[in-house]
Amino acid sequence: MAYLWAIDCAAGPEEGTMFTCTMIAPGIAYGPAVIWVTAGESFRRQQISPPSVPAEIQRFDLARRRARHELDEIASRAEAAIGSSAAAIFTAHGQLLDDPKFFEPVVRRINDQHMAAELAVHATVEEFAGRFASLGNGHLAARAEDFAELGDRLLRHLRKEAPRQAPCLSNPGVLIANHLGAADIIALERRNLLALVMIENGPTSLPALLASALGVPVVAGVPQLSGRVRDGDTVIIDANHGYILVNPSALAFQEYRMRREIFDRFSTELAELRDVPAVTPDGRVVHLGANVGLMEEVPYALAQGAESIGLLRTEYFFLAHSDPPSEEAQYDFYAAVVRSVAPRRVTFRTFDLGCDKSPSASPTAEANPMLGCRGIRLLLERRDLFVSQIRALLRASRHGPIRIMFPLITSLTEFQETMLIVRQLEQQLRDEGMSFDARVPYGCMIETPAAATISDLLASEVEFLSIGSNDLIQYMLAADRTNPRVAHIYEPLHLAVLRMMRTIIHNAHRRGRTVSLCGEMAADSIYSILLLGMGVDELSMSPVMIPAIKQIIRGVTWAEARDVARGVLREQRAKDVAAYLEKMMESRFPRMMSIYGSDGDPLASVPEPDRLIFAETKSLVVPRDDQTTPVVAGI
Ligand code: PEP
Ligand code: MG
């Protein structure tokens, strides 16, 4: 299990070694490594004798109650310190401990297989975590880490170990942790923290999301670093390009001193753009929103200059609970988000759950969950979930402007069926005398080739379209977005994808509808001018990238951007498009490209055999006055 892997320091460091990793928060930092290792894997006893079974079950029960009590305390601390959705995570962990679905398998393992309590907990947590880890969709698969954190807590209580102390640095340093839980991030002392490396955490895991707002460079997903760095080693973290250098050469160090100065100056400049619109010199406005999953991310998103929340992934809230959250609990959460964002708008995406992505939503396993009952399909099957969510969202709409959109639509019939239920629920609320905004705009995510192909028909029925490029690319190119073996096939610049996007935008604009794009493409500077030129009205992205994308939009005319888009669509291969865009960006935004561009490899001039790159984990990277008015735009 990931969280039990210790960093094997015995292997020792290597001079000038470089690792690739995934950026969580940008920036450059260097300093001494401070290694923070969580629980070890060895168990004192694996098996027990049959007469010891009752005492062992009692021991487990005591540990469970103590862990429960500890979680209640953390939940109230988290509630006071950062807000209700972080608290809900710990409350949910606590509820899980009380859930027979979780504790009975542990007891059965002790009783039937005579496992020691530690091993029984370990095996049960592994089983639960495994179910989540096998999921296709990154941020849902990352829920496996919740179970890991829970298992860690239980094991500590079984071993009667002192409560885990949050990592704390007495001198400035780069914290390198094998695995951090959400509770660790919340308790993390920021003083002296230069950067954070989360070796085992997935880039879309909850702890990673929380860490993205720490205000220091953060990287994750670099298991190859285990055992190759020691306390006190000098490390350079280049979160902009996704590199970690251990004991760098004097030359590399000098290079990074310079890069950091450039980056710091650049960041200060970007911060000044916070309150200005993303508008081209010739007047084309692009609305920039933030993608968030938790209440805790909202203040950070607004501080980065987000003009709205362009994608609220509601399934994070769902998955923070061991049982489906009630309408009331959902209402409290949605209303709190809306209030904190108003007068700006929040675009809620209804639960994007899949059959085996949420055991409590559906117990049926599927051979191909990515092609199975996920997104709107699941919600139409599990009406109870859909009804409570739509009612809660509509009720929250009286606190500020919201939009609602549906994931993974594939046909007009599906959208119409969805809207029929929504209209019935609106009527139900009226009959009950509940107030809500009767003009909430409804939209459709375009994430499948089918929806893209009929985007003309869908655009006639909706108030806005939102391109979910992460899924659209994977379904168009038949390449699983989470499978590194087909990462080279998953090409955002594939002409099939770009032509499809142009069609979607064209179809929407002809019907007076706006188009937003909320996949990872929106946050990658290399695509900004192309998307602008193709006529996208809104981009919604990870909040950390909003200032940089805004600077690009403000630095290029719309006329120029359309020329670029025309040029790109005349190319034939993705690699030609990439070369074209890189060249153009290098001439238009040389400084930004030197910071974020692909030439960031500090060892680029070093001959091949001397280079050690261990991981390839670097990510690819209004009719109503709150609506953007679409301009028949693009090429
Ligand atoms: C997308 O598919 O682009 C998207 C934004 O949705 P998610 O990444 O949550 O599937
Ligand atoms: Mg999607």
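This is a predicted model: local features need pLDDT of at least 70, side-chain atom pairs count only at pLDDT 80 or more; totals for chains, interfaces and linings use all residues.
The crossing of helix 14 with helix 15 is right-handed. On the side of helix 14, the contact is formed by Arg383, Phe386, Val387, Ile390, Arg391, Leu394 and Arg395. Helix 15 contributes Glu417, Thr418, Ile421, Val422, Leu425, Glu426, Gln428 and Leu429. Classified by residue type, this contact of helix 14 with helix 15 comprises eight nonpolar, five charged and two polar residues.

A metal site was also examined. The magnesium ion (ligand 2) is coordinated at 2.0 Å by Glu447, through OE, and by Asp471, through OD. Glu447 is placed in the loop that runs between strand 13 (442-446) and helix 16 (449-453), whereas Asp471 belongs to helix 18 (residues 469-477), so the pair ties together parts that are 24 residues apart in sequence. With buried defined as under 20% relative accessible area, Glu447 counts as buried because its relative accessibility is 2%. Asp471 likewise counts as buried, at a relative accessibility of 2%.

When residues up to four places away in sequence are not counted, Leu154 touches Phe60, Ala63, Arg64, Ala67, Leu97, Phe102 and Val121. Of these contacts, Ala67 is 87 residues from Leu154 along the chain, yet the C-alpha atoms of Leu154 and Ala67 are separated by 6.1 Å.

Helix 20 (residues 525-534) provides an example of burial along a helix. This helix is mostly covered, with ten of its ten residues buried. The buried residues of helix 20 are Ser525, Ile526, Tyr527, Ser528, Ile529, Leu530, Leu531, Leu532, Gly533 and Met534. Just after helix 20, the backbone at Gly535 adopts a positive phi of about 105°.

Key: Residues are numbered from 1 along each chain as its sequence is written. Chains are lettered from A and ligands numbered from 1 in the order in which they are written. Side-chain values use heavy atoms; hydrogens and water are left out. Buried means under 20% relative accessible area, exposed over 50%, partly exposed in between (1.4 Å probe, protein chains only). Helices (H or I, at least four residues) and strands (E, at least two) are DSSP runs, numbered from the N terminus. Donors are N, O and S atoms within 2.8 Å of the metal (3.2 Å for Na, K and Ca); water is not among the atoms, so sites may look incomplete. A crossing is left-handed if the near helix is turned anticlockwise from the far one by less than a right angle, and right-handed if clockwise. Contact means heavy atoms within 4.5 Å. Ala, Val, Leu, Ile, Met, Phe, Trp, Tyr, Cys and Pro count as nonpolar, Asp, Glu, Lys and Arg as charged, and the others, Gly among them, as polar.
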